[in-house]
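Please work through the exercises below with the sequence and the model at hand. Each task is followed by a solution in steps.

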Amino acid sequence: MDSSNYPAAILFPSPILGDTIYTVKLSIENLCGTREQEIDFAARPTPVSVPVANQLSGCSPFIPVFSNLSYGAPESFKWILSDGTEYVDTLPEAHPFIAIDNDTTYYTVTLISTNGCGSDSSTLHITALPNTVVAFFNTDPPFGCADLQVGFTNFSAGADSFRWSFGDGSPEET
């Protein structure tokens, strides 16, 4: 066959949400008549992974709620947590993230979305904060005669903010 009877290859873009149906029509003619043929074909999308968490950090044991907003007609999903846990489902089960040794602990959660045209992955970063808060301070001097000037040394642990009340009616300090 003569290659001039063939059109140049056409690049059909990847659709976003699902299959896009294209109809290709060929019309031919000669002295004896005209004929036409139409063929439909589908261009399938490649998936795009979009994991979402309602919170990315919280106090241990922290259990975020995950959503899956992936698009591109994914057919299967795999959630991989950096603690070694894996889920093969649209959404993972409720999973606690623990602050190991009472220290802030960082985790990753990766979602892999796959279909017949490929796969895509995206990662969230989760932070489990220690839930132990210890309020502890000293006064210097520990007692004395009024008018007494007292210094305070704060040894508290695990806090992000501090509020002092001195019991004398003066405004609180932070």
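Lys and Arg count as positive and Asp and Glu as negative, while His and the chain ends are not counted; the place of a charge is NZ of Lys, CZ of Arg, CG of Asp or CD of Glu. This is a predicted model, in which local features need pLDDT of at least 70 and side-chain atom pairs pLDDT 80 or more, whereas totals for chains, interfaces and linings use all residues. Residues are numbered from 1 along each chain as its sequence is written, and side-chain values use heavy atoms, without hydrogens and water.

**Exercise 1.** Determine how far apart the mean positions of the positive and negative charges are.

*Solution.* Step one is to count the charges, which gives 5 positive and 20 negative. Step two is to compare their mean positions, which lie 20 Å apart.

**Exercise 2.** Find the salt bridges that R44 forms, and state where the partners lie.

*Solution.* A salt bridge is a side-chain nitrogen of Lys or Arg within 4 Å of a carboxyl oxygen of Asp or Glu, and the structure holds 4 of them. First, R44 pairs with D19, the closest N and O atoms being 3.1 Å apart; D19 belongs to the segment before strand 1 (20–30), 25 residues from R44 in the loop between strand 2 (33–43) and strand 3 (51–53). Strands are DSSP runs of E, at least two residues, and are numbered from the N terminus. Second, R44 pairs with E75, again with a closest N to O distance of 3.1 Å, and E75 sits in the loop between strand 5 (66–68) and strand 6 (76–81), 31 residues away.

Technical notes. Helix = DSSP H or I, 4+ residues; strand = E, 2+ residues; numbered from the N terminus.
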